[in-house]
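Here are a few exercises to work through with the model open beside you. Each one has a task and a solution in steps.

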Amino acid sequence: MSAPEQVDLLILGAGPAGMAAAIAARGQGVSVLLLDENAGPGGQVHRAIETRAAKDDQDADGARLVLALRTSGADLRFGATLWAIEPGGKVFWSEGGVGPEARGTQARSITARRVLLCAGATERPLPIPGWTLPGVMSVGAAQIALKTAGLVPEARVWIAGQGPLLWLYAKQALAAGGRIAGIVDLSHGVPPDALRHLPRALLAPGYLAKGLAWQYAVKRAGVPILRAESLRAEGEDRLRRIVIDEVAHEADLLLLHDGVVPNTQVTRAIPGCLHDWDAVQACWRPRLDAWGNTTVEGVMVAGDAGGIGGARAAAHAGRLAALEVAHALGRLTRNQRDAEAGRWRLALNRQLAPRRFLDALFPPLPAAAIADDTILCRCEEVTAGRVREAVSLGCLGANQTKAFTRTGMGPCQGRVCGPAVHAVIAAAREVDPAAVDPFRTRFPTKPLTLGELAALAS
Amino acid sequence: MNRAVVIGGGLHGLSTALHLARTPGWQVTVLERRHVGRHSSGVNAGGVRRLGRDLREIALSVVSAEMWQGIEALVGDDCGFQAGGQVKVAESEADLRKLEARAEQVRALGWTHEEVVDQAEVRRLLPAVAPHVVGALVTRGDGSADPMRTVMAFRRAAQQAGATIVEGSGAVGIERGPGGTLRVVTEDGSYEAERVANCAGAWATTIARMAGEEIPCGVKASMMIVTERLPHFCTPTVGPTARPLSFKQSAAGTLVIGGGHQGTNDPANETSTVLFGNLAHAARIAAELFPCVAGARIMRTWTGTEARTPDEIPVMGESATMPGLFHSFGFSGHGFQLGPAAGAAVAELMARGATNLPIAPFTQRRFAA
């Protein structure tokens, strides 16, 4: 499939934010090219929604978005991996296969007048001893398997860590007929600070009720919930047992989770695109105005990639961004844009109401507790101890540590280990995480072959 | 005790600081605006190369090569230095003629490190090289090192020698102090010193301007590619004769591909940007020289900001307008190998006003003509 040389709006990601933005932008006559590396639309939250029934109200919203997207007139490219954005809006991607191992893909480029990045969230890693053993995976990865292939956990499956997604997955897995040996809750209960944010959270009661319903459903199913201080995975060739506070339990599968953070892999690679440390969500997020404009002209972000807010908030942010694009391209006056935006902004604020409470309720686990011999960077097999040693030798931030230890130098460029490496450096230096540089990512933010790049040399 | 301030915590600043701190009677402070190795020192290709140097640079480069051979004794770390050799391949008979002429030129000056080899020897050195390669120019004792590891080793050694390294502190002015000393002003305070070194790389012309000196020097943004790890197939660092490419396989197995293809940069904001349309040429030449690498996945690309003088050799010597200030910058993309010797030379200039090391060609006075 050939591509035109220019487009009004290029959107990365066909999750709720990207889909809603594409639909709204098309409604204003803006030409749209949408890239997503998955096989179809939906994003993580509505993954494979076209091939299965909606699970709840929110999922039904997703199904409606997908239908509207399919008929919006946007140029939709699936199995398309964006790998670079240059100043002036030149965007590079590869397509022709699905998944990171796909071969035979071809590099392409286009100049976009506006770029909207809706790259969603990634899981914060939970490095425990033995987490690199076969048989240990993230809750997010298990959720993909559940949604795309209907794979439910069987045998002795443990889920450990903290965060709302952990409870959601447990509930979904049980509902799909799966079995869970137990849940290891590594959080320390409800932080007293969280209750401060409860009144505002009650503005969106549906959200909270849902969260409590997930936990209740898991308890009612008779799944043991163990509060624990320490956890490690053991086994010779693969996971055989987990050790919870020094007590061993047989285990075939261990799913880890420590909350999600904005996916800033692309925005961090763009020179001049500023990010701020969000102390509450313990993550970096791109600095955005109320429309989703970053500090780089023409580059915008909507949805969880700009700060965790959930699927419905993401869709509203996508719509607001689309209105801003239509305004920037001269299709809406400022007044028209603002008039259209009112209801979406109201809806967005309502969706974001419980965030402070949820964020305070599920703080990430402390990095200082990670043992020295635990691997942080899986690609290059760098331990927490090596990172601390680099700090003691004078490395102040993640980028120096990368050059020194190779941590974050593998194919994922720190996408997996970044938050953990950052937290370990901050704890070792005993400074505010905001004072520690995050990994600077480099284009290509997703791998392509030398041959693919060579083909662009005319 | 004499005091010296070194502006810039890159390899050249740290090497200068190390050598001066080991000179009896000198108290050295390094002022680094960001963190050591922030720009080209930390992210360059790590080439340790005499091969193909500008004729005016060869003498200093040869001294530095000796120092690289004993780098562990110098800084207490091997800096990842491996003498795998440097090879410039001939892709045609015309290329080979050029290489032979070059070798003759170098030999005529009394140097013997550049050696022409035939097709059989190139194959032995580079079993995976494409069949059209007919010969090469080789320097066997050359190789490569790990740039950031080198910077950190020089930093540690300088500190152990007594130097103080202040990170996050940039010079905003240089003044003549009372009693003939110099005063380097930063946002957090000022430093009095008898001698000051300007090792500020791409920002060194700004420092020179603070001293009332205008030295012509621009910037460059050479781009690099790193691939996934591959099984070991290539020991030397390789480049062709008539096309721009630098190609090597690191100890970790990754391919490091550069060659001076230019991105863009914005020195004022300290940012630089890869331009993939240009970088595609490096990928293409690499894949033509080593057909087996076409399927290797690119992990990262990057570019940085480095000073480039009009004649692409460095500026080294005392300021013409502010005696006591010494310049060492403008290495134009090939300063990494020169780090050990250049630092020794500048430290000696600062301490005793003269050096026996061969840096005469690098005076900024050459631009006055």
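**Exercise 1. Backbone exceptions**

Task: Where is A:P444 placed, and which residue does a cis peptide bond join to A:P444?

Solution. Step 1: A:P444 lies in the loop between helix 12 (418-429) and strand 22 of chain A. Helices (H or I, at least four residues) and strands (E, at least two) are DSSP runs, numbered from the N terminus. Step 2: the partner is A:F443, and omega of this cis bond is about 0°. Step 3: turn to chain B, where B:C79 sits in the loop between helix 4 (71-75) and strand 4 (86-90). B:C79 is not a glycine, yet its phi is positive, at about 60°. As background, most residues other than glycine have a negative phi, and most peptide bonds are trans.

A word on conventions: this is a predicted model, in which local features need pLDDT of at least 70 and side-chain atom pairs count only at pLDDT 80 or more, while totals for chains, interfaces and linings use all residues. Residues are numbered from 1 along each chain as its sequence is written, and chains are lettered from A and ligands numbered from 1 in the order in which they are written.

**Exercise 2. Where the chains meet**

Task: How many residues of chain A are in contact with chain B, and which elements of chain A give two or more residues to that side?

Solution. Step 1: 27 residues of chain A contact 33 residues of chain B (contact: C-beta atoms, placed from the backbone, lie within 7 Å). Step 2: the elements are strand 4 (80-86), helix 11 (398-405), strand 22 (448-449) and helix 13 (450-454) of chain A. Step 3: helix 13 of chain A gives the largest share, four residues. Step 4: sorted by class, this side of chain A holds 18 nonpolar, six polar and three charged residues. Here Ala, Val, Leu, Ile, Met, Phe, Trp, Tyr, Cys and Pro count as nonpolar, Asp, Glu, Lys and Arg as charged, and the others, Gly among them, as polar. Step 5: strand 22 of chain A runs antiparallel to strand 20 (residues 297-303) of chain B, joined by two bridges. Two strands pair if DSSP finds at least two bridges between them. A:T449 stands opposite B:R297.

**Exercise 3. A sheet in chain B**

Task: In what order do the three strands of the open sheet in chain B lie, and which are the edge strands?

Solution. Step 1: the order is 9-10-11, with antiparallel pairing. Step 2: strand 9 (171-176) and strand 11 (189-193) of chain B are the edges, each pairing on one side only. Step 3: strand 10 (residues 182-186) of chain B pairs with strand 11 of chain B over five bridges. B:R183 has B:E192 as its bridge partner in strand 11 of chain B.

**Exercise 4. Two helices in chain B**

Task: At what angle do helix 1 and helix 7 of chain B pack?

Solution. Step 1: helix 1 (residues 11-21) and helix 7 (residues 147-160) of chain B pack at about 25°, with axes 9 Å apart. Axes are lines fitted to C-alpha atoms, for helices over the stretch in contact, and angles run from 0 to 180 degrees between N-to-C directions. Step 2: helix 1 of chain B is therefore roughly parallel to helix 7 of chain B (angles under 35 degrees count as roughly parallel). Step 3: residues in this contact include B:L14 and B:L18 of helix 1 of chain B, and B:V151 and B:F154 of helix 7 of chain B. Step 4: by class, the contact has nine nonpolar, two polar and one charged residue.

Notes. Contact = placed C-beta atoms within 7 Å. Parallel < 35°, antiparallel > 145°, perpendicular 65-115°, else oblique.
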